[in-house]
Amino acid sequence: MNSKRKRKPEISDGKQSSAQSPSAKVLKVESEARKRLSSDNLTKGMKSRLVKSFYKQDCESLAKALLGKVLVRYCKDTGERLSGLIVETEAYLGGEDKGAHSFNGEGAAVLLRGIDPVDGIDHMQKIRSQKTLKEKDLCNGPSKLCQALKISKDKFNKVDMTSSDEIWLEDGEDLPGTNIVTGARINIDYAEEWAQKPLRFYILGNKSVSKRDKAAEDSLSRV
């Protein structure tokens, strides 16, 4: 009588075999490619990051010094690097400054009002709108800027930009004073006499500035 030989049960130790299937090899290659792409985008065009010593200057001087520097947002979920040249800032001095949220309190701040897009422009387009926007309209205002770079208060409030791996500032170009327009800040009519203080700064002739001050530009050209 012939008896069928029983097959021994296969026991797995949870370890992969050294001989991988073709599909497993493809998956591994794709995974490595994603990691490499993510790393390439993180370092793409990267210049030296601005360190804490750079920020140790008075608020008005810092607002001017930030012009020409680069704001970088690295999206970990997509591996996308979004960046732009800072072209417009406003200084809020705190204390007696009636335009500042810290009026009668402590603390000064610089508002980044506009950037000129550099990296990830197509991605910014998708985030900002279902229709194609002109490059100059992607980040020419603080709200637009935050939308385009996926910057939210919940995620980035109080984040240290000198050590974060998701948002930071990089060195760029130092602008001569003849290229910096100085004028009144925007949309702070409530600030009484402080509404007209010359605490907004922008790069002369840049297309991504939110609002030009023609009188200030004329004054600059006469200097």
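Analyst: The largest pocket has a volume of about 1200 Å³. This is a predicted model, in which local features need pLDDT of at least 70 and side-chain atom pairs count only at pLDDT 80 or more, while totals for chains, interfaces and linings use all residues. Residues are numbered from 1 along each chain as its sequence is written, and side-chain values use heavy atoms, with hydrogens and water left out.

On the terms: a pocket is an open set of points on a 1 Å grid over the protein atoms alone, where a 1.4 Å probe fits and protein lies on both sides within 12 Å along at least five of seven lines. Grid points are joined across faces, edges and corners, and the volume is the space filled by probe spheres set on them. Lining residues have an atom within 4 Å of a point.

The lining of the largest pocket consists of 37 residues. Nearest its centre lie Ala109, Val110, Leu111, Leu112 and Met161. By type, the lining divides into 23 nonpolar residues, eight polar and six charged; here Ala, Val, Leu, Ile, Met, Phe, Trp, Tyr, Cys and Pro are nonpolar, Asp, Glu, Lys and Arg are charged, and the others, Gly among them, are polar.

Strand 3 (109–119) gives the largest share of the lining, five residues. At least two residues each also come from helix 2 (52–55), helix 3 (59–65), helix 5 (142–148), helix 6 (153–156) and strand 4 (167–170). Helices (H or I, at least four residues) and strands (E, at least two) are DSSP runs numbered from the N terminus. The chain has seven helices and six strands, in the order α-α-α-β-β-β-α-α-α-β-β-β-α.

Phe54 and Tyr55 form the one aromatic pair in the structure. Their ring centres are 5.4 Å apart and the planes stand at 90°, so the pair is edge-to-face (rings of Phe, Tyr and Trp, the last by its six-membered ring, pair with centres within 6.5 Å; planes under 30 degrees apart are stacked, over 60 edge-to-face, the rest tilted). Phe54 is buried at 18% relative accessible area, whereas Tyr55 is partly exposed at 23%. Buried means under 20%, exposed over 50% and partly exposed in between, with a 1.4 Å probe and protein chains only. Of the 223 residues of the chain, 39% count as buried.

The whole structure has zero disulfides, a disulfide being a pair of cysteine sulfur atoms within 2.5 Å. For Cys139, the nearest cysteine sulfur is that of Cys146, 9.6 Å away. Cys139 is buried, at 0% relative accessibility, and Cys75 is buried with a relative accessible area of 0%.

Two charges sit over rings, meaning that NZ of Lys or CZ of Arg is within 6 Å of the ring centre and within 35 degrees of the ring normal. The charged end of Arg185 is 4.5 Å from the ring centre of Tyr92, and Lys197 lies over the face of Trp194 at 5.0 Å.

Lys158, in the loop between helix 6 and strand 4, has a positive phi of about 70° although it is not a glycine, and is exposed at 77%. Glu192, in the loop between strand 5 and strand 6 (200–203), has a positive phi near 55° and is exposed at 52%. Thr178 lies in the loop between strand 4 and strand 5 (180–183) and is exposed at 55%.
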